[in-house]
Amino acid sequence: MTSVNGGYDVDAIRRDFPILGESVYGKNLVYLDNGASAQKPRAVIDSLAHVYEAEYANVHRGVHYMSQKATDAMEAAREKARALINAEHAHEAIFVRGATEGINLVASSWGRANLAPGDEIVLSVMEHHSNIVPWQIVAEQTGAAIRVAPISDEGVLDMDALEALIGPRTRMVAITHVSNALGTVVPVADAIRLARRVGALVLLDGCQAVPHMAVDVRALDADFYVFSGHKLYGPSGIGVLYGKEALLKAMPPYQGGGEMIESVTFEKTTYAGLPFKFEAGTPHIAGAIGLGAAIDYVTGIGFERIAAHENDVLDYATERLGALNSVRLIGTAPDKAAIVSFNLEDVHPHDVGTILDREGVAVRTGHHCAQPVMDRFDVAATVRASFGLYNTRHEVDALVDALGRVQEIFGR
């Protein structure tokens with residue numbers, strides 16, 4: 001099935017992903033769990049094999065040929081990460097294990113150095129746990145307070161309430177760019193403008209944004225931006241923290257060890273410059289290079305074309321699911337990325353997910369590491385279908401057919 005998106009050949013794209021040819025319980029795999037982790041194209045798989053077969057050595061420390069070759073490949077990947085989000089400098093792109101570590105780094109390093117009793121950190125109800133818990137930890141350590149902006153019944157961030165929350169004691173506004181549980185695209189540029197009125201900094205969780213849309217951190221004027229490689233069709237265990245150069249230079253190290261130092265004596269240690277001050281120890285070399293290959297892959301297709309294709313699949317899924325008896329859609333914001341969450345009346349999401357799995361359809365069920373969102377909608381969990389650049393309307397039909405099987409079993 002070829003997309004309607006002006007020559008977007010989804011069949012050719014699907015052939016780039018070997019795992020999509022697998023079967024589950026005798027049925028073709030329908031993979032709709034991209035919000036948790038996306039599958040990997042052959043280009044990324046081959047890049048990882050190539051690292052270990054032809055260019056692996058520890059980086060930045062060796063004078064020998066293989067070390068220099070690996071270093072060049074890793075730093076080329078850093079430049080690709082810079083270009084992906086249009087950072088000004090490559091050294092503003094810090095390699096981390098993922099977005100979770102990136103947020104923890106900022107909360108720990110910047111937060112402990114800059115927050116004081118009475119200061120405020122503003123979050124939203126729709127945050128992933130990784131953009132809640134690190135701020136709770138640093139708030140307990142510093143005496144700062146957390147304030148939370150609400151969302152509407154459609155899952156839209158209440159911008160009037162956010163404006164009212166951001167005040168003279170606000171030091172950090174940490175919000176998601178796209179909700180992982182609802183798919184809501186947050187008007188982060190407006191949120192940043194509100195923060196600037198009081199001199200507050202802004203951290204954006206871009207995990208669910210970067211795979212689906214072009215991101216420009218300079219146009220947004222974001223102070224910090226984080227994303228994970230495994231959601232961007234790259235390896236797991238690698239991600240990027242972007243921070244403005246001046247902020248990163250002023251922040252103390254997050255971890256100590258090799259690579260992040262200039263000199264060490266028992267009397268005094270001096271630290272390396274950016275980005276290495278925040279990259280203690282041997283990095284995930286192959287992961288960084290594989291992330292570079294993933295960036296090449298998605299940018300080669302083009303984010304405008306990816307977004308148009310995914311929006312078509314999302315609109316089709318929303319229409320088909322909304323037409324089913326006993327289905328409740330959760331998160332109906334007018335501006336959404338490729339995620340649809342729903343529940344089937346009187347059927348637990350885990351039961352739905354188990355039956356869908358037997359029909360070859362992989363979805364995510366649970367609270368999606370976003371329990372405050374579940375509380376907001378008075379549900380324990382949802383079924384989440386999250387789409388990627390290789391998903392099709394035909395796979396949405398397979399999801400709907402499988403839900404028909406759920407309804408049959410439960411007599412709905």
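H60 sits in the loop between α2 (42–55) and α3 (65–85). Its phi is near 70°, a positive value in a residue other than glycine. Helices (H or I, at least four residues) and strands (E, at least two) are DSSP runs, numbered from the N terminus. This is a predicted model, in which local features need pLDDT of at least 70, side-chain atom pairs count only at pLDDT 80 or more, and totals for chains, interfaces and linings use all residues. Residues are numbered from 1 along each chain as its sequence is written, and side-chain values use heavy atoms, with hydrogens and water left out.

**Confidence**
- The chain has a mean pLDDT of 96. pLDDT is the predictor's confidence in each residue, from 0 to 100.
- Of the chain's residues, 98% reach 70 or more.
- Residues 1–5 have pLDDT below 50. Beyond near neighbours in sequence, this stretch has 16 contacts in the model; a contact means heavy atoms within 4.5 Å.

**Another loop**
- The peptide bond from L274 to P275 is cis, with omega near 0°.
- P275 belongs to the loop between β12 (269–271) and α10 (285–301).

**The sheet of 7 strands**
- Strands of a sheet pair through backbone hydrogen bonds, either parallel or antiparallel. Two strands count as paired if DSSP finds at least two bridges between them.
- This open sheet has the order β4-β10-β9-β8-β7-β5-β6, with mixed pairing.
- Its edge strands are β4 (93–96) and β6 (145–149), and each pairs on one side only.
- From one strand to the next, the twist averages 20°. Axes are lines fitted to C-alpha atoms, for helices over the stretch in contact, and angles run from 0 to 180 degrees between N-to-C directions.
- β8 (residues 201–205) and β9 (residues 224–228) pair in the parallel sense over 3 bridges. Here D205 stands opposite V226 in β9.
- Helix α7 (residues 188–197) lies across β7 (170–176) and β8. The helix runs at about 160° to β8.

**The sheet of 4 strands**
- This open sheet has the order β13-β14-β17-β16, and its pairing is antiparallel.
- β13 (327–330) and β16 are the edge strands, each pairing on one side only.
- The twist here averages 30° from one strand to the next.
- β16 and β17 (residues 382–386) pair in the antiparallel sense over 3 bridges. R364 stands opposite R384 in β17.

**Pocket and cavities**
- On a 1 Å grid over the protein atoms alone, a cavity is a set of points where a 1.4 Å probe fits but cannot get out. A pocket is an open set with protein on both sides within 12 Å along at least five of seven lines. Lining residues have an atom within 4 Å of a point.
- The largest pocket has a volume of about 390 Å³. Grid points are joined across faces, edges and corners, and a volume is the space filled by probe spheres set on the points.
- The largest pocket is lined by 27 residues. G35, A36, H128, N180 and K231 lie nearest its centre.
- α4 (99–114) and β16 (364–366) each supply at least two residues of this pocket's lining.
- By class, the pocket lining has 6 nonpolar, 15 polar and 6 charged residues. Ala, Val, Leu, Ile, Met, Phe, Trp, Tyr, Cys and Pro count as nonpolar, Asp, Glu, Lys and Arg as charged, and the others, Gly among them, as polar.
- The whole structure holds 2 cavities of 30 Å³ or more.
- The second largest cavity has about 40 Å³ of space. Its lining includes N34, H212, K231 and F387.
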